[in-house]
Amino acid sequence: MKYDFQSIEDRWQKHWEEHKTFHAPNPGEAGFDPCKPKYYVLDMFPYPSGVGLHVGHPLGYIATDIIARYKRMQGFNVLHPMGYDAFGLPAEQFAVEKGVHPSITTDQNIANMTRQLKRLGLSYDWERSFATTEPRYYRWTQWIFLQIYNSWFDPIQQKARPIQELIQALQSGWMLVGLDGEPVFAGPVDALGAYAGQQGATRQWHELTPPEQRAFIDDQRLAYLDEVPVNWCPMLGTVLANEEVTNEGKSERGNFPVYKRPLKQWMLRITAYAQRLAQDLDLVDWPEAIKLMQRNWIGKSHGAQVEFPLALGSANGSEDVITVFTTRPDTLFGATYMVLAPEHPLVEALTTKEQYHQVNEYRKQAAAKTDVDRIAEAGSGAKTGVFTGACAINPVNNTRIPIWIADYVLTGYGTGAIMAVPAHDERDFAFARAYDLPIRPVVLPDPHWLIEHRPQTHQATGGAPVPPKPHADDAVAMAQLRVLYLHNPAAFGTAFTGEGAGINSANDEVSLNDQPTPQAKEIITAWLHKKGLGRGTVQYKLRDWLFSRQRYWGEPFPILHGPEGEVEALKESELPVLLPPMQDFKPAASEDPKAPPQPPLFRAPEDWKFVERDGRRYTREFNTMPQWAGSCWYYLRFCDPRNEAAFVGQEADKYWMKGHPRMVARGGQADDRRDARPTDGTGVPPVISGGVDLYVGGVEHAVLHLLYARFWHKVLFDLGHVSTPEPFGRLFNQGYIQAYAYTDTRGIYVPAEEVEEKDGRFFHKGQEVKQEFGKMGKSLKNAVAPDEICAEYGCDTMRLYEMYMGPLDQSKIWRTRDILGSHRFLQRLWRNFVDEATGQLRVSEGPAPIELRRLLHKTIKRVTEAMDGLSFNVAIAALIELNNELVGRDTIPREVARAMVLLLAPMAPHICEELWKILGQPQTLAYEPWPVYDPALLVADTLEYPVQVNGKLRGKISVPAQADEAALRAAVSADEKLQPHMAGKTIRKFIVVKGRMVNVVVG
């Protein structure tokens, strides 16, 4: 009976589905065992592509399946679900190309992908499966949006609280309204570190008109409407995130032009969580590289906000000030001009009549560029800008400094305005050189910088002598360099951006001269605060999340717009807001960047677009949510996917998302959240990150998906809806499967399967092509379908091959011919167990020989440790070694056969289920206990020592495992092969590396 993988795999996949082998019951459900620990293992939400899977996609899926099977055998209740992230631009574009409604194409793609995943024998709990496009799911996405909309971020408690609490605090007088539209605590400011600065002028709640009250509350919500500059792609008819725009200023999908323009959009106030998003990375077990990417994206900076009054005659008589944020307040005395982003709200008011035309033209040019364009141009060294005609006052020395606009300053970063210190900032230096603006040094560079950047020509020094390269200890020469720098810093060709001693930085009240940079920052910040000219602050690069898309295929907003512009949220009982059935769902594409946005829902049926309430006509929101919305919380729904009363039940959340206490202080204060419990009496509460126990996916989601999901989760945590502060306890990024690709003379990719190799050269339809390799996929035309591999070799073979190619976190090259090695291993395994001629089981009941038993327990240890470390290639190598040892034996001892099948089962489950049945076991092995090794059997009776003589390997000796140095010396001296290398010589050193080697030095 030969190894018939097709019938074996078909039979066991059918068995698992019919018996619901991998269903994980929730607490309280039939079959739930509360005595078992839980393990939640999850793949990143896949997108149901129209072309289906290629063999690169299952790399992570197979890995998580192995862990899920392994944990079940270790006695865990395992939650291992799968679903589909099915809304978004790709699905809509695919539907437009095919001329079919996206609901149809999406369902077809999901069905095909589900078929492919089941063909791989993945042990998902398919009863928990869903797609984000299902109304029963996106009802709760809309519900979560309402939670965000109906919340504000309380700076005192540093967490989200219901907006009704803020209204009550305002009505009671506990909170006041600042003149700048901010909530102000009515008590002593010093009592609350969350409110820095002075209370200033305020108004009480009852002093505001109803429209003012509504506007104030709407401005505090975590979800709010704002008119912001966006990346507008008229050909796609939608806005794009920065990450969806290429460096060439084109859309990532379609390669269409993208323009900057202001649009009113829904925004989510993720910036309120910047500090927590950064600090709580310490709570999770993630790769350090991913944590660093998130911290850099959040971009925490310590510095000061400084107010620059406008000079008389500026801003048409306005008394406004320009506020800037700087991380180097110690360089304030060196600010010789200011730069505003072209979109800054003050530009219109302060531009003089003489400069209006130039400024207006420049603003138009800047508006045509994306932020990506502007950042790229800023990095290239080229700087452009226009003088507004107005001036500001430097608050530390009362000098007038000109105000420019330039597109290297972005309105979305900081305050949209900078103080330019060209001596100590590279961008400002380049701009000052381009427009002949003053460069005033206020920090003395160190000697090595002065030497490295010293002027090399008379032209650079303005005709002064060119100083020779001095030694840092040459006091006279260094003094000359310092004098030259103080008089002409531009001669050194670049800005000094490091730390040093302050110079040229004093007024009648404060001096930074001779002060090191850290102390100078503290001194000037304290002075600014005292004078009411600024204050120390923390700034984040993170921007609020643009949450609107002008698309059809997305979640509708649960929002109504009133006839007077007011916004009304729907009641929970009115959810879900279903997408209306539409035949024409195409976006209003246009080549005109000024064309007004017309979302497809603008053309929805009248009975959907308009809602009557109390005799007033309301209009629904025509934008839809971005694809990110559904993928922000799917891991929670997997815990309780059929719950109609809540997005996740409390018991299900507490069970599947609970973590393990970690003895880490979090601010030194107790936390009143559900899972913060007393510890060992130290007074420090445990930090419990909780969440998914193992989350596996590609590194391409390192920032946005993970950051957005963490933000949503923290809002839900603050509001008491979930029990853990973080969604994903452990994160693992798998590598990619790459494959050879081929391009013709035009540089166009040709189908890899149609390429032939002749004498080391490659040809496509008779024409020579160039070979390269890259990530497997549709664009490179080098994808290999798993269906083909499974049909020819079986999915157990494919699973083993992908895991054996190398470490899971590294990329590797797919070579179909190499899969034969994995297939032969399974064939050899089958023949070791089953006589192909008779079909009889080749298993004996007697005890295993001691050496085979030792190898078995060594293999159990190696495989177990490899599984715990996700080193599946190491586990497979150990099993191949054991299998090879069984070749040629008449029979296999049952204890070896049984353990071998169980060890291999997570990686090759179908053949192992079949062998388990042949071994006489009536039940599936999915829940059989994992083999345990005997430490005593890992200790060998004898050890083999390689022996080096004067550094060269000359032989080996076998000695009892407990042999001491004297016994080793005797064995070395008695070995006939070693004697000739030591004859007539004296042993100078005899070095023993216990259990590993012996080194003899003779002379």
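User: Are α1 and α28 roughly parallel or roughly perpendicular to each other?

Analyst: This is a predicted model, in which local features need pLDDT of at least 70, side-chain atom pairs count only at pLDDT 80 or more, and totals for chains, interfaces and linings use all residues. Residues are numbered from 1 along each chain as its sequence is written, and side-chain values use heavy atoms, with hydrogens and water left out. Helix α1 (residues 5-19) packs against helix α28 (residues 909-918) at about 85°, their axes 9 Å apart. Angles under 35 degrees count as roughly parallel, over 145 as roughly antiparallel, 65 to 115 as roughly perpendicular and the rest as oblique, so α1 and α28 are roughly perpendicular.

User: How are the helices, strands and axes defined?

Analyst: Helices (H or I, at least four residues) and strands (E, at least two) are DSSP runs, numbered from the N terminus. Axes are lines fitted to C-alpha atoms, for helices over the stretch in contact, and angles run from 0 to 180 degrees between N-to-C directions.

User: Is G735 buried or exposed?

Analyst: G735 lies in the loop between β26 (731-733) and β27 (737-743). Leaving aside neighbours within four places in sequence, G735 has contacts (heavy atoms within 4.5 Å) with L59, L808, D809, Q810 and S811. Buried means under 20% relative accessible area, exposed over 50% and partly exposed in between, with a 1.4 Å probe and protein chains only. At a relative accessible area of 6%, G735 is therefore buried.

User: What separates the C-alpha atoms of G735 and Q810?

Analyst: G735 and Q810 are 75 residues apart along the chain. Q810 is also among the contacts of G735. The separation of their C-alpha atoms is 4.4 Å.

User: What is the relative accessible area of T517?

Analyst: T517 belongs to helix α16 (residues 517-531). Beyond its neighbours within four places in sequence, T517 touches R328, D330, V443, E499 and G500. T517 is buried, and its relative accessible area is 2%.

User: How many residues of helix α27 are buried?

Analyst: Helix α27 spans residues 894-904 and is largely enclosed by the rest of the structure. Its buried residues include V896, M900 and L904.

User: Which residue in β36 is the bridge partner of E944?

Analyst: Strands β35 (residues 942-949) and β36 (residues 952-960) run antiparallel and are joined by 8 bridges; two strands pair if DSSP finds at least two bridges between them. In their hairpin, with 2 residues between the strands, N950 takes a positive phi near 50°. The partner of E944 is S958.
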